[in-house]
Amino acid sequence: MTELQQTIFDQRTLQYGSHRDLTPGVQSLLYTLACVEAEEQQLQEFCDNNGTCYQVTGKSGDVYSRMRPEWQQLKEARMRKQAIIARLENWIGEAAPKDDEFTEFLK
């Protein structure tokens with residue numbers, strides 16, 4: 001585990017551990033979250049420095065932009081992060097209540 005991952009893991013462990021006892025499965029989920037958040041920070045820094053696109057010259061000589069693979073990786077990391085956080089918040093019972101059709105009808 002890198003220093004950044006360890007810092008994030010320790011922070012999340014304190015945050016989520018203050019709500020409930022951490023099971024081995026939740027600790028593993030927190031480890032994964034720490035890895036994803038560290039990856040997100042590194043990819044965001046790369047995109048900040050280099051941009052989200054780069055220029056390519058095609059066979060015909062035309063110049064066009066292509067999305068950097070790091071930008072796609074960043075978007076995917078954020079989706080994984082959202083899924084992990086949603087699962088953790090459901091586990092501790094702090095997720096936003098889901099509206100169903102009946103609730104919508106009563107409004």
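Guide: Let's start with a term: a polar contact is a pair of N or O atoms within 3.5 Å; within protein, one must be able to donate a hydrogen and the other to accept it, and residues adjacent in sequence count only if both atoms are side-chain atoms. This is a predicted model, where local features need pLDDT of at least 70 and side-chain atom pairs count only at pLDDT 80 or more, while totals for chains, interfaces and linings use all residues. Residues are numbered from 1 along each chain as its sequence is written, and side-chain values use heavy atoms, leaving out hydrogens and water.

Visitor: Which side chain does a polar contact join to that of Gln6?

Guide: Gln6 sits in helix H1 (helices are DSSP runs of H or I, at least four residues, numbered from the N terminus). At 2.8 Å, the polar contact joins the side chain of Gln6 to that of Asp10.

Visitor: Is Gln6 buried or partly exposed?

Guide: Buried means under 20% relative accessible area, exposed over 50%, and partly exposed in between, using a 1.4 Å probe and protein chains only. Gln6 has a relative accessible area of 33%, so it counts as partly exposed.

Visitor: Which residue forms a salt bridge with Glu37?

Guide: A salt bridge puts a side-chain nitrogen of Lys or Arg within 4 Å of a carboxyl oxygen of Asp or Glu. Here the closest N and O atoms are 2.9 Å apart, and the partner of Glu37 is Arg12. Since Glu37 lies in helix H2 and its partner in helix H1, the pair ties together parts 25 residues apart in sequence. Both residues are buried: Glu37 and Arg12.

Visitor: Which helices do the buried residues of H3 pack against?

Guide: Among the buried residues of H3 are Leu74, Ile84 and Trp91. Contact means heavy atoms within 4.5 Å. The buried residues of H3 pack against helix H1 (3-17) and helix H2 (24-50).

Conventions: Helix = DSSP H or I, 4+ residues; strand = E, 2+ residues; numbered from the N terminus.
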